[in-house]
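Take a walk through this structure, one contact at a time. Keep the sequence beside you as you read.

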Amino acid sequence: MKLVYADNNATTRVDDEVLEEMLPYFKEYYGNPSSIHTFGRQVAGKMDQARERVATILGADTSEIVFTSCGTESNNYAIHCSLEAHPDKKHVITTKVEHPAVLNVCKYFGKNGYEVTELDVDKGGMLDLDELRDSIKDNTAIVSIMHANNETGVIFPIEEIGKIVKEKGALFHCDAVQAIGKIPINLKHSYIDLLSMSGHKLHAPKGVGVLFIRKGVRIDPLIIGGHQEDNRRSGTENVPYIIGLGKACELAEGYVKAEQTEVRCLRDKLEKGIKDQLTHVVINGENSDRLPNTSSVSFEYVEGEATLLLLDMAGIATSSGSACTTGSAEPSHVLQAMGVPPVTSRGTIRFSLSKYNTEEDVDYILEKLVPIIKRLQSLSPLFEDSQ
Ligand code: PLP
């Protein structure tokens, strides 16, 4: 059976060049980068190179890069420690469409004496920047807003957002986990103070991430222990994975180019095929600025879980929301915030492509998907009534 992986916002395949770069650091060069002997120094030098590669792709300085274990840790670090650094400021702002790795951190603080503002989005998944401006108060410690949405791919204008946040004097954290490797980013002249990224979304392995901390931003570490990462993140570094992430960052310019050209064409072909061959279909955020690889499609009168399972039986991997919320019966909080009624959002499938997908993959998805949806829709009494 043909297999098609169309769930790249959940995780990506490790690039062959990334894996090749990592392999010697399991068996040949296995020193601890903190050791001063040759074994340690060999590894420390390679880790410096990885840090430089990450800094280059972000337009940052190497001193601003802290390696973490994942995007979730980076988000926790940014929000938790910014709040701790400003004990007199008890207000956090975020949006209703963030990943749980931001939303649930804010909710935690909400239960512990903080005021949390969750900004609304419109039908297209966009923020109202006036609402953001009006929400920032003297006691707002941090504003945490994502770069690109993991479910719909909708991109927020983070520089406009950052300018507003900085004019009002709060810290600005950006969860850029889904954006890096798909769209260009440059932090050099940016308003972003703190930025999260994750290796496994850009063809590096799972279990490695980065928190960018702009020079001059003073926050204490989240994980306390030894002196690693310049005392900003204790724990012996995950050397091979950090090296893998560094290599992926070196290749990321190529990834972005492929996303903007070939991957976008594949995504557009998929959406056109769906719209041409099916009725009662909504593409969420279709008219907004979106990631080139992502398509969130609501098939009305259908349960997303049923579609997902039938596609899986045909060898096609997709998601019925974000990987982290799949399995919960709750409608997607992102689509809910965009005003998509539950009957529509329940039928949503997220297709997320990558440079490893081909035209044949898209043809295969359409070949299998169209009869599945037609059959499921025909089983719905409500669909019959709508005809
Ligand atoms: N932020 C966003 C927008 C994500 O999509 C994800 C993962 O899906 C995360 C954070 C969490 O990243 P990680 O899986 O590295 O913890």
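Tyr241 is partly exposed, because its relative accessible area is 25%. That value falls between the 20% limit for buried and the 50% limit for exposed. The model here is a predicted one.

Which ring pairs with Tyr241? The ring of Phe26 does. The two ring centres are 6.5 Å apart, and the planes meet at 75 degrees, so the pair is edge-to-face. Phe26 belongs to helix H2, while Tyr241 belongs to helix H9 (residues 239-277). The pair therefore ties together parts that are 215 residues apart in sequence. Phe26 is partly exposed too, with a relative accessible area of 42%.

Together with Leu19 and Leu23, Phe26 makes a nonpolar patch of about 270 Å². Leu23 sits in the loop between helix H1 (16-22) and helix H2 (24-27). Its relative accessible area is 46%, so Leu23 counts as partly exposed.

Now compare a residue elsewhere in the chain. Leu335 lies in helix H11 (residues 333-337). Is Leu335 buried or exposed? Leu335 counts as buried, because its relative accessibility is 2%. From Phe26, Leu335 is 309 residues away in sequence and 43 Å away in space, C-alpha to C-alpha.

Back to the rings. The structure has six aromatic pairs. One of them joins Phe109 and Tyr114. Their ring centres are 5.2 Å apart and their planes stand at 85 degrees, so this pair is edge-to-face. Both Phe109 and Tyr114 are buried. Ring pairs link these two and Tyr108 into a cluster. A charge meets a ring as well: Arg13 lies over the face of Tyr356, 4.1 Å from the ring centre.

Salt bridges come next. How many salt bridges does the structure hold? There are 27. In one of them, the side chains of Lys137 and Glu115 meet at 2.5 Å, N to O. Lys137 is in the loop between helix H6 (129-135) and strand S5 (140-144), and Glu115 is in strand S4 (residues 115-119), so the bridge ties together parts that are 22 residues apart in sequence. Lys137 is partly exposed, at 33% relative accessible area. Glu115 is partly exposed, at 37%.

Asp130 has a relative accessible area of 47%, so it is partly exposed. Arg133, at 32%, is partly exposed.

The side chains of Lys275 and Glu286 form a salt bridge of 2.5 Å, N to O. Lys275 is in helix H9, and Glu286 is in the loop between strand S9 (281-283) and strand S10 (294-299), eleven residues apart. Lys275 is partly exposed, with 42% relative accessible area. Glu286 is partly exposed, with 30%. Salt bridges can also join into a network, and Glu21, Lys46, Arg53, Lys247 and Glu250 are linked in this way.

Finally, step back to the whole chain. It contains 14 helices and twelve strands. Of its 387 residues, 56% count as buried. The C-alpha atoms fill a box of roughly 70 × 55 × 30 Å along the principal axes. A compact globule of 387 residues would have a radius of gyration near 21 Å, and the chain has 22 Å, so the two agree.

Note on methods. Residues numbered from 1 in each chain as written. Predicted model: local features only at pLDDT ≥ 70, side-chain atom pairs only at ≥ 80, totals over all residues. Heavy atoms only, no water. Patch = residues over 30% accessible without salt bridge, like charges linked within 9 Å, V, L, I, M, F, W, Y side chains within 5 Å. Areas by Shrake-Rupley, 256 points an atom, 1.4 Å probe, with all protein chains shown as cover. Salt bridge = Lys/Arg side-chain N within 4 Å of Asp/Glu carboxyl O. Helix = DSSP H or I, 4+ residues; strand = E, 2+ residues; numbered from the N terminus. Buried < 20%, exposed > 50% of the residue type's maximum accessible area, 1.4 Å probe, protein only. Phe/Tyr/Trp six-rings, centres within 6.5 Å; stacked < 30°, edge-to-face > 60°. Lys NZ or Arg CZ within 6 Å of the ring centre and 35° of its normal. Rg over C-alpha atoms; globule rule 2.2 N^0.38 Å.
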